[in-house]
Amino acid sequence: MTSVAPAVGDVAALGYLSMTALEVAAPVVLVAVLAVVGAWSASRGRDLYVRLLRHGLIAALVLLVPGAFLIGWFIAFDPETISGITTTPAQQTSWILSMSLFGAGLSMLVGVAAYGLGGWVSGALSNKRRYKLIIAIDGPAASGKGTLAKRIAAHYGLGWLDTGLLYRAVARDVVVKGGRLEDLGAAIAAARAIDATTLCDPHLRGPRAGDDASMIAKIPEVRAALLDYQRTFAQQGKGAVLDGRDIGTVVCPDARVKIFVTASDEARARRRFLEHHGRGDTITYEELLADIRRRDARDSNRSVAPLAAAPDAILLDTTDLDADQAFVAAMKIIEKKVGK
Ligand code: CDP
């Protein structure tokens, strides 16, 4: 009968191999786990040093045990290394001990580095998303949102979108095609076919265009059709400044800064009057005051995306401020939120 028991040498070789595999796999897995924990911790917004203190030390201690064990075991398992360096059993023991300590230190270092790297990568990625500067400027008719938004955008080198122009353009397109503003189908079709390259049309700033715009702006499907364009615009490059009625509440609820600009009805009508007269439009102050009040009431009372300040918007009353003073006040609000 032949023996099936493995030779003593085979068992030793098998043990040695599995230990080597363990030596490679265990640190790799542990380092990967630590990198993930580091990334997770960073994604919760914790500061790197706090995170290193809280988790990095735990990580180091976790790695200390297997590190010491594995290196000590490796040395102990490799009698040739030991006998080449040491002669007495006491020397062997102290060699194994010091190598274990070395292993422990090394694995602690690798653990902390992996943890920090994971956190850094995750932090860098989320910063890129979060640090897009999107500024929402909302407010009632003729409150000076547009002038302010344009200056802020120029100051930061961001894109600027006067979202009122989109609604004005939809109303224009309905009328140009011979439709009526009360015709829901015509307004919805015009909103779906809107061509953003026509927003620079000077007629959109005409005296009746604002009122026409507010007529079609209360139609939910019209608003829905214009939403994608506004959101995509906001996400460009470094970010953008958008002004309108529902930017902070609906279009960009995650905007980093939200300002709600107001001014008395009379101050707004006065500014609009000067604006129109500068362009040669014939419309009276009284007509403009009535238009502003009518539009504010319609915009505030509609069922979808009404004119309203977002709960986290900062109010800026510009009744007694000129354009420069309003800009300075707005910049103070922005810098307080995002720094200089
Ligand atoms: O410049 P002004 O404040 O007079 O008006 P606008 O911003 O050009 O907006 C014209 C009209 O479009 C407003 O009265 C609103 O009815 C509508 N609008 C809106 O509903 N939502 C927006 N985000 C922007 C404008």
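The shell of residues around the ligand divides by class into 5 nonpolar, 6 polar and 5 charged residues. The model in which this shell is seen is a predicted one. There are 16 residues around the ligand, and those that come nearest are Gly164, Tyr167, Ser214, Ala217 and Gly244. Three helices each supply at least two residues of the shell: helix H6 (164-176), helix H8 (209-216) and helix H12 (285-301).

The protein chain has 13 helices and 5 strands. It counts 340 residues, and buried residues make up 35% of them. Among the contacts in the protein chain with a separation of 6 or more, 78% are between residues 24 or more positions apart.

The strands come next. The 5 strands form an open sheet, and their order across the sheet is S2-S3-S1-S4-S5, with parallel pairing. The edges of the sheet are held by strand S2 (159-162) and strand S5 (314-317); each has a single partner strand, so one side of each is left without a neighbour in the sheet. From one strand to the next, the twist averages 20°.

S2 pairs with strand S3 (residues 239-244) in the parallel sense, over 4 bridges. Within this part of the sheet, Asp162 stands opposite Asp243 in S3. Helix H9 packs on the sheet, where it touches strand S1 (133-138), S2 and S3. The direction of H9 makes about 140° with that of S3.

H9 also has a helix as a packing partner. Two packed helices are described by the angle between their axes and the distance between the axes. For helix H7 (residues 184-192) and helix H9 (residues 220-234), the angle is about 5° and the axes are 8 Å apart. Angles under 35 degrees count as roughly parallel, and therefore H7 is roughly parallel to H9. On the H7 side, the contact is made by Ala187, Ile188, Ala191 and Arg192. On the H9 side, Glu221, Val222, Ala225 and Leu226 take part. By class, the residues of this contact of H7 with H9 are 6 nonpolar and 2 charged, with no polar residue.

Definitions and conventions:
Residues numbered from 1 in each chain as written. Predicted model: local features only at pLDDT ≥ 70, side-chain atom pairs only at ≥ 80, totals over all residues. Near = placed C-beta within 6 Å. Nonpolar A, V, L, I, M, F, W, Y, C, P; charged D, E, K, R; others polar. Buried ≥ 20, exposed ≤ 12 C-beta atoms within 10 Å, placed from the backbone. Contact = placed C-beta atoms within 7 Å. Axes fitted to C-alpha atoms, helices over the stretch in contact; angles between N-to-C directions. Parallel < 35°, antiparallel > 145°, perpendicular 65-115°, else oblique. Pairing = 2+ DSSP bridges.
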